[in-house]
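Colleague: Hi, could you walk me through this model? I'd like to go piece by piece.

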Amino acid sequence: MFARTYVPQGATILTEFPVIVVPRDIMIKEIVGSVAGLDEARSQGELIDALVSCLDSQLKKEMFTLKDCSGSPNATTLSGIFSTNALDIELKVNATLPKSAKHMYKALFLQTSRCNHSCGPNAVWKFDSSTFALTLVAVRAIRPGEEITISYINSFLPRHLRRAQLQSEWKFTCHCTHCDIPWSFPGAIAQSDRARHELSTFFKKLPDWEQWCFDEKNEMDLIGMHLRAMQLREEEGLEGFKDGGATGHWTDVAYMKHIDALVMCFGALADVQGFRKWVNKAREVKLAEGPNSVSHVKVLDSWLKEPKKFYVWGWKA
Ligand SMILES: [Zn+2]
């Protein structure tokens, strides 16, 4: 999938609904029976065939144009297409099901499935169970003609493990710009692996903001830590993910957490210049997010106008 126009950081690229949703632990007998109306547990293939038969012909056609990495290149099957492309989503729909399968489902989305993988993706997706819709969001600005990519795996893993997982599950060797690092710099791969590991635990190891703010003896350079993490995220293309374990799915885009933290720090220090700089950055992203963020932008505007009205202004000054 490629961008036709410029997409600002934070903007929604697309919103879509799944065409097929099945419980992830599909082999549990009672689930298969309840979902497909089958009398007994059957193979995943039969279940997917049964579900696809309910789709209209156009959707079926579109589904057949998706990739199947499960078997030989000439033997595309519906269950192969499903297992190659389906995303993990959470739905709290049936509290009576066994615990392991209660909330986790696999869902097929026809448009997002067309996004290739990158270990430094420029987009992340989020599924909202209340609207039953997936939203694909740009985690950095995307130029016209640039490919839109998501991550299929935990991108905080070192390169050899990322490549091994992609090879095993999707049958390709990743040649994204973060895997094909030029060999002219011998330590580059180890450096990238270290940066990813550092970022994977950044928020878990971060000192408490209030402790930083109120403890006069605390000389922790919280601002420096956030700025360094943001720089590492830019270099590694990990603006979208908070910590390890994340796949293409996000709940909290990491760069916004850094921006919010910097606004708080500069506000507490009563540093007008630093405060305005990061409030403006937050405003830029919120504007790109669209109509849902209008009230948030208004609040940011009021702080730009009168920084002293910021709720922790000068607490550490
Ligand atoms: Zn890669």
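**Walking through the fold**

Modeller: Among contacts in the chain with a separation of 6 or more, 63% are between residues 24 or more positions apart. Two residues are in contact if their C-beta atoms, placed from the backbone, lie within 7 Å. This is a predicted model, where local features need pLDDT of at least 70, side-chain atom pairs count only at pLDDT 80 or more, and totals for chains, interfaces and linings use all residues. Residues are numbered from 1 along each chain as its sequence is written.

Colleague: Thanks! How many helices and strands does the chain have?

Modeller: The chain has 12 helices and eight strands. Helices (H or I, at least four residues) and strands (E, at least two) are DSSP runs, numbered from the N terminus.

Colleague: And what percentage of the residues count as buried?

Modeller: 31% of the 317 residues. A residue is buried if 20 or more other C-beta atoms lie within 10 Å of its own, exposed if 12 or fewer, and partly exposed in between, with C-beta atoms placed from the backbone.

Colleague: Why would residues a few places apart point the same way?

Modeller: An α-helix has 3.6 residues a turn, so residues three or four places apart do that.

Colleague: Switching to strands: which ones pair with S4?

Modeller: Strand S2 (residues 20-23) pairs with S4 in the antiparallel sense over four bridges, and strand S3 (residues 87-90) is also joined to S4 by four bridges, running antiparallel. Two strands pair if DSSP finds at least two bridges between them. Ile20 stands opposite Leu108 in S4, while Glu90 stands opposite Met104 in S4.

Colleague: Is S4 (residues 104-108) mostly covered or mostly uncovered?

Modeller: Mostly covered, with four of its five residues buried.

Colleague: What's the strand order in the open sheet of three strands?

Modeller: The order is S1-S7-S6, with antiparallel pairing. Strand S1 (12-16) and S6 are at the edges with a single partner strand each, so one side of each has no neighbour in the sheet. The twist averages 15° from one strand to the next.

Colleague: How many bridges hold S6 and S7 together?

Modeller: Six, between strand S6 (residues 123-128) and strand S7 (residues 133-138). Phe127 has Leu134 in S7 as its bridge partner, and Leu134 is also the bridge partner of Glu16. The S6 and S7 hairpin has four residues between the strands, and Phe132 takes a positive phi near 60° there.

Colleague: Now H9 and H10. At what angle do they pack?

Modeller: Helix H9 (residues 222-236) and helix H10 (residues 254-268) pack at about 155°, with their axes 10 Å apart. That makes H9 roughly antiparallel to H10, a label for angles over 145 degrees, whereas under 35 is roughly parallel, 65 to 115 roughly perpendicular and the rest oblique. Axes are lines fitted to C-alpha atoms, for helices over the stretch in contact, and angles run from 0 to 180 degrees between N-to-C directions. The residues making the contact include His226 and Met230 of H9 and His258 and Leu262 of H10.

Colleague: Last one: what does Ala270 touch?

Modeller: Trp313, Gly314 and Ala317, not counting residues up to four places away in sequence. Ala270 is in the loop between H10 and helix H11 (272-289), and is partly exposed, with 17 other C-beta atoms within 10 Å.
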